[in-house]
Amino acid sequence: SLPFRYQDYYIILKYMVINMGRDHYKIACQYIQKIMKLGDMEKANEIIRYIRTEYPKRKPLMQELSKI
């Protein structure tokens, strides 16, 4: 199986494709923060860059990402 952090990466991206709305965005950001706490800032920043590129029109999502 994949290392834990890569499973989180997949989960976050899949979650973002399926769900919309500020409450869901907050949950996705919590996952990213957990990755940061695990010490993988590079992976967290990669996820953030990907989300910002793929979903720039989701303003509430961009607002939640800016709080991280």
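Predicted model: local features only at pLDDT ≥ 70, side-chain atom pairs only at ≥ 80, totals over all residues.
Biologist: Let's start with the helices. How do I describe two that pack together, and what are the values for α3 and α4?

Modeller: Two packed helices are described by the angle between their axes and the distance between those axes. Here, helix α3 (residues 41–54) and helix α4 (residues 59–66) pack at an angle of about 160°, and their axes are 10 Å apart. That makes α3 roughly antiparallel to α4, since angles over 145 degrees count that way.

Biologist: Which hand does the crossing of α3 and α4 have, left or right?

Modeller: It's a left-handed crossing as α3 passes α4.

Biologist: And which residues meet there, α3 against α4?

Modeller: From α3 you have I48, I51 and R52, and from α4 they meet L61, M62, L65 and S66. Sorted by class, the contact of α3 with α4 has five nonpolar residues, one polar and one charged.

Biologist: Okay, on to charges. How many salt bridges does a search of the whole structure find?

Modeller: Three. When you check one, look for a side-chain nitrogen of Lys or Arg within 4 Å of a carboxyl oxygen of Asp or Glu. Take R22 and E64: their side chains meet in a salt bridge at 2.9 Å, N to O. This pair links distant parts of the chain, with R22 in helix α2 (residues 22–37) and E64 in helix α4, 42 residues apart.

Biologist: Are those two partners buried or exposed?

Modeller: R22 is partly exposed, at a relative accessible area of 32%. E64 counts as buried, because its relative accessibility is 6% and the cut-off for buried is under 20%.

Biologist: Which other residue forms a salt bridge with E64?

Modeller: K67 does, with the closest N and O atoms 3.2 Å apart. K67 counts as exposed, at 57% relative accessibility.

Biologist: What about K43: which residue is its salt-bridge partner?

Modeller: That's E46, and the closest N and O atoms of the pair are 3.3 Å apart. Both sit in helix α3, three residues apart, so about one helical turn separates K43 from E46.

Biologist: And how accessible are K43 and E46?

Modeller: K43 is buried, with a relative accessible area of 11%. E46 is partly exposed, at 29%.

Notes:
Residues numbered from 1 in each chain as written. Heavy atoms only, no water. Axes fitted to C-alpha atoms, helices over the stretch in contact; angles between N-to-C directions. Helix = DSSP H or I, 4+ residues; strand = E, 2+ residues; numbered from the N terminus. Parallel < 35°, antiparallel > 145°, perpendicular 65-115°, else oblique. Left-handed = near helix turned anticlockwise from the far one by under 90°. Contact = heavy atoms within 4.5 Å. Nonpolar A, V, L, I, M, F, W, Y, C, P; charged D, E, K, R; others polar. Buried < 20%, exposed > 50% of the residue type's maximum accessible area, 1.4 Å probe, protein only.
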